[in-house]
Amino acid sequence: ATDTFVLTTAPTRFQQDAGGVCGARRNTLNIAWTLNCELCLSIHPVYVGDTVTFEWTGFHNVHTLDAGKYENCSFAGGTNLGGSSPVSVVITESDVGNTLYFGCTVSTHCSAGGMRGGLKVL
């Protein structure tokens with residue numbers, strides 16, 4: 001469990017702390033954010049209060065994608081959450097019922113390297 005959000009330059013919706021949310025689980029999902037990573041190219045269940053942390057070495061970033069642009073790795077309209085490891089995202093009540101999509105915009109890391117995945121907020 002974690003109480004902090006380390007990426008302070010992210011949009012406000014990603015900076016919220018779930019500390020006051022009734023029933024928040026506050027678990028942490030660590031993703032080794034690398035080419036063809038073990039947790040990439042799939043959708044993972046998460047809950048309000050969970051923190052998802054992307055960690056890597058080398059040159060990568062974490063960027064949001066719209067649902068309709070996930071398969072093609074089109075980042076237009078998405079948000080760059082950071083290019084320095086780690087990048088953490090706290091799941092909030094406003095995310096419930098949505099799937100949040102993430103990918104790496106560096107070169108072909110998303111399309112050819114499989115650096116993308118989703119979080120289904122339950």
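Reply: Cys104 is buried, with a relative accessible area of 1%; buried here means under 20% relative accessible area, exposed over 50%, and partly exposed in between, with a 1.4 Å probe and protein chains only. The model is predicted, so local features need pLDDT of at least 70 and side-chain atom pairs count only at pLDDT 80 or more, whereas totals for chains, interfaces and linings use all residues. Residues are numbered from 1 along each chain as its sequence is written, and side-chain values use heavy atoms, with hydrogens and water left out.

A disulfide is a covalent bond between the sulfur atoms of two cysteines, assigned here when the two sulfur atoms lie within 2.5 Å. By this rule the count is two. One joins Cys37 to Cys40, with the sulfur atoms 1.7 Å apart. The S-S torsion of Cys37 and Cys40 is about 85°, so this disulfide is right-handed. Cys37 and Cys40 are both buried.

The other disulfide links Cys73 and Cys110, at 2.0 Å from S to S. Its torsion is about -80°, so the disulfide of Cys73 and Cys110 is left-handed. Cys73 lies in the loop between strand E4 (62–65) and strand E5 (80–82), and Cys110 in the loop between E7 and strand E8 (116–121), so the pair ties together parts 37 residues apart in sequence. Strands are DSSP runs (E, at least two residues), numbered from the N terminus. Cys73 and Cys110 are likewise buried. Counting bonded cysteines along the chain, the pattern is 1-2, 3-4. Cys104 is in no disulfide; the nearest cysteine sulfur belongs to Cys110, 7.9 Å away.

The aromatic rings come next. Rings of Phe, Tyr and Trp (its six-membered ring) pair if their centres lie within 6.5 Å; planes under 30 degrees apart count as stacked, over 60 as edge-to-face and the rest as tilted. Trp33 sits in the loop between strand E1 (28–32) and strand E2 (43–46), and Phe54 in strand E3 (residues 51–55), 21 residues apart. Trp33 is buried at 1% relative accessible area, and Phe54 is buried at 2%. Phe54 also forms a tilted pair with Phe102: 5.3 Å centre to centre, 55° between the planes. Phe102 belongs to strand E7 (residues 99–103) and Phe54 to strand E3, so this pair ties together parts 48 residues apart in sequence. Trp33, Phe54 and Phe102 form one aromatic cluster.

Methods
Helices (H or I, at least four residues) and strands (E, at least two) are DSSP runs, numbered from the N terminus.
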